[in-house]
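Morning, everyone. I have one structure to walk through today. Please take a look at it before I start.

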Amino acid sequence: MAAKRRGAAAPPAGKKRGKREAPADLCAALRDTALRERAAAAWRRGEPLRHEAAAVEPAPFRHGVIPGFLAGPAFAEALRDELLGLGFRGRRNDLLSLQQSEELGGRPEPHVAALRHALCEEFREWLSAVTQIELEPTIDISCAKYEYTDVLLCHDDELEGRRIAFILYLVPPWEKSDGGTLDLYSTDEHFQPQQIIKSLVPSWNTLVFFEVSPVSFHQVSEVLSEEKCRLSVSGWFHGPSIVRPARHMEASLPRSPHIPYDHEILYEWINPVYLDMDSQAQIQEEFEERSESLLKDFLKKEKYRLLCEALESKDIQWSSRGPANKRLYETAEEDSLPDILKKFLQFLRSEALFLLLSNFTGLKLHFLAPSDEDEDAGEGRAADAAGHSSPKPEQEETEEHADSNRHQPDQPDNTPEAQDGATQNGSGTPVCAGELRHWTHRHYTLVHDTQATEFALDLLFFCGCEDWDPEYGGFTSYIAKGEDEELLTVNPEDNCLALVYRDKETMKFVKYINHRSLARLKKHPNRTGFWDFSFVYYE
């Protein structure tokens, strides 16, 4: 949602509006004093009011629905036509995919201006009376078009001064199966969204409003209709700010040092081309220049085939990982995994791989890996991860740290909130954290306020991605903190190892997997998505 603060205001009293402007008559229910008082009482007590002209509901958070909001059908149709004639720009980021107009606060179109005036005057007064919030005579207001696969994921709308959100629907006849519902979430004791407990289906000339609060988590579900356009006018009324609770800090995935497996484990799993010292030197040179590397056909073909077969096992226990304002995907319970998957996780945590990753990247993920100081002084050489190491005293293990100030890419979002990176790995011993994830339709991760930002190496290894199209989503996108522009995109690719070094100013997310992904079932009837092994390594 747009984060602009100042919005439209009604014309000063006595000032004539444009000649062509037709007044926007609102429904008679808003002038029914008895109904307004009943609505105010229900809002105040946290009780439902269900009237054909206006409804107020307390759960999962306070909201209201007013059907037939604009009194004249001809006005609503003219308003729709004016809105569709505006310029729209596509917006695509971690949270949303839609087309949005510019702010409507200064638009001269007569029906747009009349709606703005009615919202700022008559409707604002009604809302203030019902909610007992002294709302300012200005609003933020814009128009959005949602078409096939467009979506707005779970968020709470909170921004300084926002008190009431509103949405006016100008849609064709709409069914729940068309998607585009306004989904409302319940919350837990930490003010985190739990599950969708109510879905409001858009309806022509219906206005929905709700109180913006720490628990007002909602989403616009993905539009599934390929023919219909979900057109709406939405925005916020502002008022006195309220105290917000502190953001809940989640526990990080557990981090652990390498486990003692020697170089034989590399020969067991890895394509021999990546064990050649000259190849490793070339990979490191490219990685130090670009901060990322894509190693194709990384595993031996037979090992990769066995991994994919094991991932299809019905014995694997998958659990949904949330909360929805940060992520939604499935993660495997490691105890339920077939042996070969357990062994691959051991491989990813092995001492031999830590050393090999050091050779691929130039990072000091093993005490045998030369540090930047060594390289500057001309000391040492790359450690031979295939079994022969540089002669380096073991007592130097904790004395040298690679320079943290490396290149750009990035930040993992499978690593939830964290304390400052400088204190997380204070021992100086390299560590890793990771999980096996399953991705399918409606899965995603989001950039969020409390996401950890620290220097580390992201590793992604993909399985089951045959015929996966980037148009489906599911790619990992790296962005600079506070920006939408992508620095790097990693697309799922079979038997491919992606390595990305991130700094403190870079975030990442996995793009929402949309309805188009289900077309892949025509070629792969039993394949609903793909898997990745997602690990993060810290010096």
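I'll go from the whole protein to a few local spots.

First, this is a predicted model. Mean pLDDT is 88. Of the residues in the protein, 85% reach 70 or more. Two stretches need caution. Over residues 1-6, pLDDT stays under 50. The model has 24 contacts beyond four places in sequence for that stretch. Residues 388-424 also stay under 50 in pLDDT. For those, the model has 133 contacts beyond four places in sequence.

Now the overall picture. The secondary structure comes to 10 helices and 26 strands. The protein has 539 residues, and 57% of them are buried. Take the contacts with a separation of 6 or more: residues 24 or more positions apart account for 82% of them.

Next, a helix pair. Helix H2 covers residues 73-84, and helix H3 covers residues 110-131. They pack at an angle of about 115 degrees, with axes 8 Å apart. The crossing of H2 and H3 is left-handed. Which residues meet there? From H2, they are Phe-75, Ala-78, Leu-79, Glu-82 and Leu-83. From H3, they are Pro-110, His-111, Val-112, Ala-114 and Leu-115. By type, the contact of H2 with H3 has 8 nonpolar residues, 1 polar and 1 charged.

On to the backbone. A cis peptide bond joins Ala-59 and Pro-60, with omega about 5 degrees. Pro-60 sits in the loop between strand S3 and strand S4. Another cis peptide bond joins Gly-322 and Pro-323, with omega about 0 degrees. Pro-323 is in the loop between strand S17 and S18.

S18 brings us to Arg-327, which lies in that strand. Is Arg-327 buried or exposed? Arg-327 counts as buried, because its relative accessibility is 0%. Tyr-444 is 117 residues away from Arg-327 in sequence. In space, the two are 5.7 Å apart, C-alpha to C-alpha.

Thr-149 has phi near 75 degrees. Thr-149 lies in the loop between strand S7 and strand S8. At 8% relative accessible area, Thr-149 is buried. Arg-442 has a positive phi of about 80 degrees. Arg-442 is in the loop between strand S19 and strand S20. With a relative accessible area of 44%, Arg-442 is partly exposed.

That's my tour. Over to you for questions.

Terms used: Residues are numbered from 1 along each chain as its sequence is written. This is a predicted model: local features need pLDDT of at least 70, side-chain atom pairs count only at pLDDT 80 or more; totals for chains, interfaces and linings use all residues. Side-chain values use heavy atoms; hydrogens and water are left out. pLDDT is the predictor's confidence in each residue, from 0 to 100. Contact means heavy atoms within 4.5 Å. Axes are lines fitted to C-alpha atoms, for helices over the stretch in contact, and angles run from 0 to 180 degrees between N-to-C directions. Helices (H or I, at least four residues) and strands (E, at least two) are DSSP runs, numbered from the N terminus. A crossing is left-handed if the near helix is turned anticlockwise from the far one by less than a right angle, and right-handed if clockwise. Ala, Val, Leu, Ile, Met, Phe, Trp, Tyr, Cys and Pro count as nonpolar, Asp, Glu, Lys and Arg as charged, and the others, Gly among them, as polar. Buried means under 20% relative accessible area, exposed over 50%, partly exposed in between (1.4 Å probe, protein chains only).
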